[in-house]
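Hello,

Here is the structure I promised to pass on to you. Please have a look at it first, and then read my notes below.

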Number of protein chains: 2
Amino acid sequence: MSTSTTHFTVTAIAGGVTAPAGFSSAAVASGIKKKAGALDLAIIAADRVVTAAALFTTNLAQAAPVLVSKQHLHATAGTARAIVVNAGCANACTGDAGIAHARRMAADVAGALGCRVDEVLVASTGVIGVALPIDKVAAGISQASRALTRDRSSDAALAIMTTDPFPKEYAVTVDTAAGSFTIGGTAKGSGMIEPNMATMLGFLTTDAHVAPALLQRALVESARDTFNAITVDGETSTNDCVFLMASGASTVVIDDDTYPALLAGLLAVARELAVGIVRGGEGATKLVTINVTDARSVEDAQRVAKTIANSPLVKTAIHGADPNWGRIVAAAGRSGVRFDVNRATVHVGGVLLFEHGLPHDEAAPAAEKHLQGQEIRIDVSLGSGGGHTATVWTCDLSAEYVRINGEYRT
Amino acid sequence: MSTSTTHFTVTAIAGGVTAPAGFSSAAVASGIKKKAGALDLAIIAADRVVTAAALFTTNLAQAAPVLVSKQHLHATAGTARAIVVNAGCANACTGDAGIAHARRMAADVAGALGCRVDEVLVASTGVIGVALPIDKVAAGISQASRALTRDRSSDAALAIMTTDPFPKEYAVTVDTAAGSFTIGGTAKGSGMIEPNMATMLGFLTTDAHVAPALLQRALVESARDTFNAITVDGETSTNDCVFLMASGASTVVIDDDTYPALLAGLLAVARELAVGIVRGGEGATKLVTINVTDARSVEDAQRVAKTIANSPLVKTAIHGADPNWGRIVAAAGRSGVRFDVNRATVHVGGVLLFEHGLPHDEAAPAAEKHLQGQEIRIDVSLGSGGGHTATVWTCDLSAEYVRINGEYRT
């Protein structure tokens with residue numbers, strides 16, 4: 001981040017992906033989801049071709065829409081006109097036919113909007129290994145492309161959901177000396193209408209004017225401590241992706257001076273959406289913030305925080321409101337990061353439970369009380385003298401998670 | 001392993017750690033476990049000082065008995081007279097007092113048997129962060145050291161249990177051209193009388209004559225595909241350890257010719273104990289064998305197998321008898337190992353479910369029928385042309401796991 005002293009303010013506003021100027025959206029019930037009338041297909045469109053950036057799943061098994069979107073973004077050197085997304089079918093492990101279907105989705109949107117096929121990005125979420133009902137999808141695209149509006153972004157937030165318990169959208173306005181711009185977004189998290197695998201989709205828009213390379217940098221930097229700092233069960237999907245489009249419809253051009261303001265705004269939106277994904281995690285009853293401090297590097301801090309966050313023993317203890325510092329220490333100890341356990345400390349809800357290699361059992365009741373709430377905070381200092389930190393958000397592990405994911409698909 | 005053509009046979013026999021000549025054991029109810037009369041302290045003794053080898057937890061947070069046993073084995077250059085082990089209290093995160101308690105356990109056994117303090121190895125399992133009731137432990141050691149016998153190894157197998165649903169002991173006799181020798185062992189797995197963290201303890205004995213360095217090599221090699229190839233929840237404990245003592249009381253000296261026979265015998269015992277640990281995993285209802293083939297290296301194969309084995313989505317699908325090949329492919333895809341998904345195959349119970357990047361949904365009913373059993377087999381070929389393989393054993397993830405680990409300790 002720049003060390004610029006530019007002042008700016010970030011203020012939450014109503015709305016989502018169409019809060020920034022230059023974007024519209026529409027969502028329809030195309031019949032991909034089994035539930036009749038359920039919104040399952042959305043288009044998020046810019047008024048003209050704009051700059052675009054993306055992050056894609058690191059899983060080797062990548063769904064057709066991921067492969068096609070990567071190609072398109074590369075072919076256009078970071079520009080796009082629209083995103084088309086469906087829920088209910090992931091179009092993953094669908095072979096050449098799946099690639100053809102993803103391209104068809106882009107082509108149909110391009111035809112409707114009058115842009116190039118590779119100016120359309122594609123995302124899907126839902127059951128994998130099942131072919132898209134492409135005729136229904138095509139009809140849905142036709143319908144949605146005629147219904148684009150700035151007024152119904154919440155429909156898009158609903159259409160991308162699978163087993164998400166609630167829709168997630170958020171927007172902020174950023175005021176700088178150079179003028180104001182807006183950032184909006186929506187996301188869906190971990191859950192399937194028919195249990196398969198957790199998929200995270202995120203769609204961000206801004207009316208700031210940002211060159212493609214800078215936009216990609218801003219997306220990467222803002223995702224690090226938000227979308228990439230959350231975990232429900234340590235799984236990554238075949239379909240995970242986050243898209244960011246910048247219309248330039250405001251007066252603000254992002255340069256060295258205004259970049260910190262863009263990043264701050266993106267962080268605010270991405271953090272809200274990411275935390276929303278965790279709150280809506282499968283079977284989740286608690287939001288857990290894990291803060292690791294005094295590590296030798298940011299990577300070390302992240303690795304320890306993620307190991308704690310994904311530990312089944314830690315997650316079940318939190319679910320049971322058990323102030324089990326031992327599981328936290330043991331998870332940190334097996335993370336692969338070197339530190340001196342005797343210099344480490346563990347706080348739960350601000351209550352010191354472990355220091356100098358020894359427990360503070362007298363504090364357990366206060367920590368237990370904190371754990372009975374729904375917002376849990378765990379602080380681990382590695383005492384390495386390095387001073388680096390990382391925060392990861394996760395949820396507890398409940399019997400409901402097992403039920404959701406253990407039920408047969410039929 | 002040697003390419004020697006030496007012939008040998010491995011035959012299962014009754015018994016455990018005292019099946020090999022030169023060993024005795026005793027177990028007592030010392031009062032560490034809350035349940036009155038529960039066996040909770042055992043001594044496994046050799047008739048004289050013998051060669052010894054050990055594997056210890058890789059967790060940075062290491063319990064006092066682990067630290068003390070490491071020191072002792074180093075000081076004696078790989079020899080020992082006895083092992084003392086207790087369940088019900090892990091003596092972990094107990095500071096200097098914990099170290100003093102572990103040393104006291106060794107000293108008391110040494111005093112009773114007439115050996116050096118550092119010729120006694122110490123292991124503990126149970127609640128962490130709680131001081132050992134050292135007076136009870138000392139009285140138990142005194143009692144046990146007077147009760148050593150070759151006839152009651154099953155008592156030791158019971159004494160080391162925490163929430164293990166059944167005791168685990170096994171023994172084999174190995175017949176070679178150079179004579180016969182015996183290997184025995186006992187182990188405890190993942191579960192606590194009061195939920196804390198899973199701890200694996202393993203104790204192996206043999207009456208073969210093996211030099212310390214060769215004994216350590218044999219333990220490392222036999223653990224790789226047994227104790228180190230099992231996982232319940234991916235956790236490693238502060239207290240995990242496996243000890244192996246060789247009395248030399250048989251006529252067989254282990255050299256290049258007989259090493260393969262020793263290794264085969266150790267593998268047979270360690271595999272039976274390791275699989276028993278998985279069968280007795282917390283909340284487990286199924287034993288899952290994950291076999292990864294055609295990897296570029298053994299490490300790649302192990303990494304893929306362990307990622308699949310620890311995937312909450314895979315484990316819950318197996319629990320629900322869902323032939324969800326997609327979760328298996330996705331877990332392999334996020335393992336960090338490079339392979340071509342289009343060349344990979346997935347079989348469940350011998351039924352081909354995924355190949356050429358596409359599902360075989362018509363086979364799902366046959367795979368589902370297999371998954372309704374209690375012995376599950378998953379085969380994943382990475383199709384890399386490398387030909388390397390690995391097998392990992394795990395169990396399913398049930399709501400009972402959450403219940404066991406989510407209940408507050410009091």
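A:Val346 sits opposite A:Phe354, a residue of strand 13 of chain A. Strand 13 (residues 351–355) and strand 12 (residues 345–348) of chain A run antiparallel and are joined by three bridges. Here strands (E, at least two residues) and helices (H or I, at least four) are DSSP runs, numbered from the N terminus, and two strands pair if DSSP finds at least two bridges between them.

Before going further, please note that this is a predicted model: local features need pLDDT of at least 70, side-chain atom pairs count only at pLDDT 80 or more, and totals for chains, interfaces and linings use all residues. Residues are numbered from 1 along each chain as its sequence is written, while chains are lettered from A and ligands numbered from 1 in the order in which they are written.

Back to the strands. In chain A, seven of them make an open sheet with mixed pairing, in the order 9-16-11-15-12-13-14. Strand 9 and strand 14 of chain A are its edge strands, each pairing on one side only.

Chain B has an open sheet of seven strands in the order 9-16-11-15-12-13-14, again with mixed pairing. Its edges are strand 9 (230–231) and strand 14 (358–359) of chain B; each has a single partner strand, so one side of each is left without a neighbour in the sheet. Within this sheet, four bridges pair strand 12 (residues 345–348) with strand 15 (residues 375–381) of chain B in the antiparallel sense. B:Thr345 has B:Ser381 of strand 15 as its bridge partner.

How is chain A divided? The domain assignment gives domain 1 (8–278) and domain 2 (287–406); such bounds come from an automatic or database domain assignment. The centres of the two domains of chain A, taken over C-alpha atoms, are 32 Å apart. In chain A, 11 residues of domain 1 are in contact with 11 residues of domain 2, where contact means that the C-beta atoms, placed from the backbone, lie within 7 Å. On the domain 1 side, strand 9 (230–231) and helix 6 (259–279) of chain A each supply at least two residues. Helix 6 of chain A gives the largest share of that side, three residues.

The two chains touch as well: 47 residues of chain A are in contact with 47 residues of chain B. Helix 8 (312–319), helix 9 (325–333), strand 14 (358–359) and helix 11 (399–406) of chain A each bring at least two residues to the chain A side.

One residue to look up is A:Val172, in strand 6 (residues 168–176) of chain A. A:Val172 counts as buried because it has 25 C-beta neighbours inside 10 Å; the cut-offs are 20 or more other C-beta atoms within 10 Å for buried, 12 or fewer for exposed, and partly exposed in between, with C-beta atoms placed from the backbone.

Finally, the buried residues of helix 5 of chain B are B:Leu214, B:Leu215, B:Ala218, B:Leu219, B:Ser222 and B:Ala223. They pack against strand 3 (41–56), strand 10 (241–246) and helix 6 (259–279) of chain B.

Best wishes
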